[in-house]
Amino acid sequence: MKQFSKRIPNLGTENAFSVIEKAKKFEREVLKPKGKNLIYLQIGEPSFDTPKNINQATIEAVKNNKTHYTPTLGIPELREAVAKKISSYTKINYKKEDVIITAGAKPIIFYMLNALVDEGDEIIIPNPAFPIYGSVTEYLGGKVVPLELKEENNFCLDIKELKKKITKKTKLIILNSPQNPTGAVFDEKLIREVAKIAKQNDLWVLSDEIYNEIIHKGKHFSIASIPGMSERTVILNGTSKTYAMTGYRIGWGVTKNKEMLATLERLACNDTSCANSLAQYAALEAVVGPQKEVVRMTNEYKKRRDLLVKLINDIPGVKCHSPEGAFYLMVNVRKIIDKLNITAEELCDRIMKKANVLILPGTVFGDFGEDFVRFSYVSSEENIKNGVAQIKKYISSIYRD
Ligand SMILES: Cc1ncc(COP(=O)(O)O)c(C=O)c1O
């Protein structure tokens with residue numbers, strides 16, 4: 001057989017998916033025969049059902065035969081609604097012409113990097129972070145420049161470090177606040193400094209704001225709202241997290257840069273033609289319909305966060321801070337892994353096998369995640385309580401402070 005392209009080995013993946021495969025196999029073959037289950041505390045998606053009015057809108061769309069191609073940029077009503085929603089918190093006058101609707105938010109990462117990255121271009125990416133940023137950059141021949149998010153800095157980026165990373169080859173900074181996997185929320189002052197650097201060095205910004213409505217403390221601030229930034233920024237967002245609609249696969253990119261929007265459109269046309277038509281009508285209802293379910297879900301995540309943080313800090317040898325947004329928690333396990341002379345991956349594997357709880361090693365999100373394991377708190381209170389109790393019992397049996 002002729003070989004695959006040279007690019008393919010550079011394309012990474014979301015290792016979280018392969019960890020789940022392995023865990024499901026272990027549960028099926030080892031635990032189920034003993035009448036036991038795994039508790040999943042690694043999940044990166046809302047555990048709530050999609051609100052009923054949104055599902056109903058899909059049914060109506062089917063009844064009305066909204067089952068054909070839409071424009072590549074998306075249905076005008078949804079683009080208009082998204083523009084209005086983003087304008088309301090950025091105070092930038094976004095129009096539907098500034099919006100592209102995509103099949104999930106992930107394609108915005110793929111398209112924007114495809115639009116910008118040539119061989120050797122440098123892309124500044126926080127670390128730990130959502131793994132797709134780095135994977136696509138390397139696939140395209142770009143160079144990932146990791147910017148460490150330090151625990152002692154509440155996992156916020158360090159401006160001095162950022163300045164040091166900039167070279168003539170830097171093209172793009174990726175920002176993600178609230179952040180996956182740390183739950184950090186970057187404040188306005190910090191974001192203003194990033195904007196200053198982006199403008200001084202003529203850089204693009206991908207502002208991944210997918211968790212912007214899941215905030216427990218502080219306020220979301222978009223870099224695009226700063227004068228001179230909306231033309232060099234693409235805001236990424238969508239319905240997956242806010243409205244518990246991960247399977248619908250609707251996301252969007254918003255920018256005042258016309259050439260960038262046209263390029264994203266061209267890439268989307270070559271890729272999917274358009275996002276799923278029925279899902280776009282569901283997303284329209286999500287954006288323009290009642291928002292009380294969003295508030296209910298977010299309040300529930302906050303309660304679960306408080307519970308999880310309290311229970312975790314009661315386990316010997318581990319520590320965590322209380323994250324301000326998203327639904328993830330990074331837990332420092334350095335003391336334990338040092339004492340046992342193992343890695344965070346091995347610890348997660350042992351926790352799965354001995355405590356029957358699935359969590360993710362921080363390294364799934366980059367090298368600077370090596371001291372950590374990531375929990376998510378989308379699961380029920382009962383699962384959180386039982387899962388952490390099982391982990392505590394196991395850790396207490398192998399480690400003493
Ligand atoms: C930081 C971040 N950006 C983007 C995405 C992709 O969202 P979607 O599922 O809508 O493609 C995710 C999903 O986990 C994420 O965590």
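**Close-up views of a predicted model**

**View 1. Packing of helix α10 against helix α13.** Helix α10 (residues 292-312) packs against helix α13 (residues 381-398) at an angle of about 10 degrees, and their axes lie 10 Å apart. Helices are DSSP runs (H or I, at least four residues) and strands likewise (E, at least two), numbered from the N terminus; axes are lines fitted to C-alpha atoms, for helices over the stretch in contact, with angles from 0 to 180 degrees between N-to-C directions. The two helices, α10 and α13, are therefore roughly parallel to each other (angles under 35 degrees). R304, L307, L308, L311 and I312 of α10 meet E381, I384 and V388 of α13 (C-beta atoms, placed from the backbone, within 7 Å). This contact of α10 with α13 comprises six nonpolar, no polar and two charged residues (nonpolar: Ala, Val, Leu, Ile, Met, Phe, Trp, Tyr, Cys and Pro; charged: Asp, Glu, Lys and Arg; polar: the others, Gly among them).

The model is predicted: local features need pLDDT of at least 70, side-chain atom pairs count only at pLDDT 80 or more, and totals for chains, interfaces and linings use all residues. Residues are numbered from 1 along each chain as its sequence is written.

**View 2. Surroundings of the ligand.** The ligand is surrounded by 13 residues, the closest being G104, A105, K106, N180 and S240 (C-beta atom, placed from the backbone, within 6 Å). Three nonpolar, eight polar and two charged residues form this shell.

**View 3. Contact between the two domains.** The protein chain is divided into domain 1 (8-49 + 293-398) and domain 2 (52-288), with bounds from an automatic or database domain assignment. In domain 1, 34 residues are in contact with 35 residues of domain 2. On the side of domain 1 that touches domain 2, α10 supplies the largest share, six residues.

Definitions and conventions
Angles under 35 degrees count as roughly parallel, over 145 as roughly antiparallel, 65 to 115 as roughly perpendicular and the rest as oblique. Two residues are in contact if their C-beta atoms, placed from the backbone, lie within 7 Å.
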